[in-house]
Amino acid sequence: MTYLSKSPWILHYDATSCNGCDIEVLACLTPMYDVERFGIINTGNPKHADIFVITGSVNEQNREVVRNLYEQIPNPKVVVAVGICATSGGVFRECYNVAGGIDKIIPVDVYVPGCAARPESIIDGIVTALGILEGKRNAQKSGATEQRVELQQEGEAQ
Amino acid sequence: MISIVGAVAFILIAPLIGGLIAGVDRKISAHMQGRVGPPILQPFYDVGKLFEKEKTVANDSQRFYVISYFVFMIFAGALFFAGGDLLLVIFALTLAQIFLVLGAYSANSPYSHIGAERELIQIMAYEPMVIIAAVGMYVVTKSFNVGTIASYPQPLVLFLPAIFIGFIYILTIKLRKSPFDISTSHHAHQEIVKGVTTEFSGPTLGLIEVTHWYETVFLLGFVYLFFAFSPLIGIIAVALVYLLELLIDNASARVKWQLVMRSSWLIAAIVGVVNLAVLYFMGVV
């Protein structure tokens, strides 16, 4: 029996997003969508989080911040890249100052495209992430270390 | 006279009741905000998940402080429900709270330190009122023993109406409800990240959550003492008080710590002096 997928707490970080996706992420918490139905809480503290929801194309200023936040989240954890900027850099892809996607910095598990991503697709992405979170936990329990899972995913991303 | 049954019952049943209260709390809050809200058992899922997470602690002493917080909170509550000395219960409660503050201070993080400082301010704010409530009960029943106070035949709330209102006021601080949730909060609106719990994660955070359930049950037990003459009226009163706290929580924004401090001391001074003076002049004392 597992509680992980029943109580996913989210850390939301804006890595050079235009705020469009951030507003859609926050829209998920409003009475209209009410993600707290599924036990989802927006924590604002990486040490309490399970899912890292991140938007934007990541510039030079917040490269380190993204990595730092990711490392502070206790295992098992998943990363959801929300919006086209977070998945590939979007229209900013060619810019000199952006990394062009979250997966250039940290391993990403779920990509939610869209400009801005709609709340429905964000919720869909997070529900997909819950499945991956379960998988990671089982892998962790059966002896495989989290690091190995991460390395594997990094390999897949490349 | 100490009843072991009460203490054991508290240790075993309080987390279940406390967790259920937290679940109902979230459900009612959600309905007040026009949302569906999480399942009633959500707090148990949350704690279950926290215990499944990786064990990460900022340092070794942190775990000791959290376990001490847990143990002394149980000690305070168990002594209360066993019918022990009310003053000792209050001191144990303070000690438990101080261990949480020490745990927050032990991590080298500015957020955690601000949370710890604000938690200390909260303790300073509510402590006088709790002591006055205990003194008021002593003045009426001539005993600090919870057992004797609970078996007092007349309704205590009729002798101590002002002190009861003052206690409800500081109950908002103790239950970590708006507008007085200055050190940490259950809600998403958390400006200083997560205050006193910032540096706790996984199982240690789960333990803090369970301790808070124990604390909730103990505090509601304290409210019950005011109505202990009739169990039925007592339980209804406790439920109404909790609903009132929920309403205040959802209808108000967080205030500055200065207001928390000044208003709770002012109210403690006024209700304490007025209520005890009236009792004195009526010849009860």
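Predicted model: local features only at pLDDT ≥ 70, side-chain atom pairs only at ≥ 80, totals over all residues.
1. A word on terms before we start: two strands count as paired when DSSP finds at least two bridges between them. With that in hand, look at chain A, where β1 (residues 9-14) and β2 pair in the parallel sense over two bridges.

2. Now the whole sheet. Chain A holds an open sheet of five strands, in the order β2-β1-β3-β4-β5, with parallel pairing. Its edge strands are β2 (41-42) and β5 (110-112), and each of these pairs on one side only. Helix α1 of chain A (residues 20-27) packs on the sheet, where it touches β1, β3 (51-55) and β4 (78-82) of chain A. The direction of this helix makes about 145° with that of β3(A).

3. How many of its residues are buried? Five of its five residues are, so to speak, under cover: β3(A) is mostly covered, with five of five buried. Both faces share in this: A:Ile51, A:Val53 and A:Thr55 are buried on one side, and A:Phe52 and A:Ile54 are buried on the other.

4. What does β3(A) pair with? On one hand, β1(A) and β3(A) run parallel and are joined by five bridges; A:Leu11 has A:Phe52 as its bridge partner there. On the other hand, β3(A) pairs with β4(A) over five bridges, again in the parallel sense. In that pairing A:Val53 stands opposite A:Val80 of β4(A). To get from β3(A) to β4(A), the chain passes through helix α2 of chain A (residues 63-72), and this β-α-β crossover is right-handed.

5. Over to chain B, and a pair of helices. Helix α1 (residues 4-32) and helix α2 (residues 42-52) of chain B pack at an angle of about 115°, their axes 7 Å apart. On the α1(B) side the meeting residues are B:Gly19, B:Ala22, B:Gly23 and B:Arg26, and on the α2(B) side they are B:Gln42, B:Pro43 and B:Phe44. Sorted by class, the residues of this contact are three nonpolar, three polar and one charged.

6. Finally, the meeting of the two chains. The contact takes 20 residues from chain A and 25 residues from chain B. Which element gives the most to the side of chain B that touches chain A? That is α2(B), with six residues. By class, this side of chain B has seven nonpolar, 10 polar and eight charged residues.

Methods
Residues numbered from 1 in each chain as written. Chains lettered and ligands numbered in written order. Axes fitted to C-alpha atoms, helices over the stretch in contact; angles between N-to-C directions. Helix = DSSP H or I, 4+ residues; strand = E, 2+ residues; numbered from the N terminus. Contact = placed C-beta atoms within 7 Å. Nonpolar A, V, L, I, M, F, W, Y, C, P; charged D, E, K, R; others polar. Buried ≥ 20, exposed ≤ 12 C-beta atoms within 10 Å, placed from the backbone. Right-handed = clockwise from strand over helix to strand, strands pointing away.
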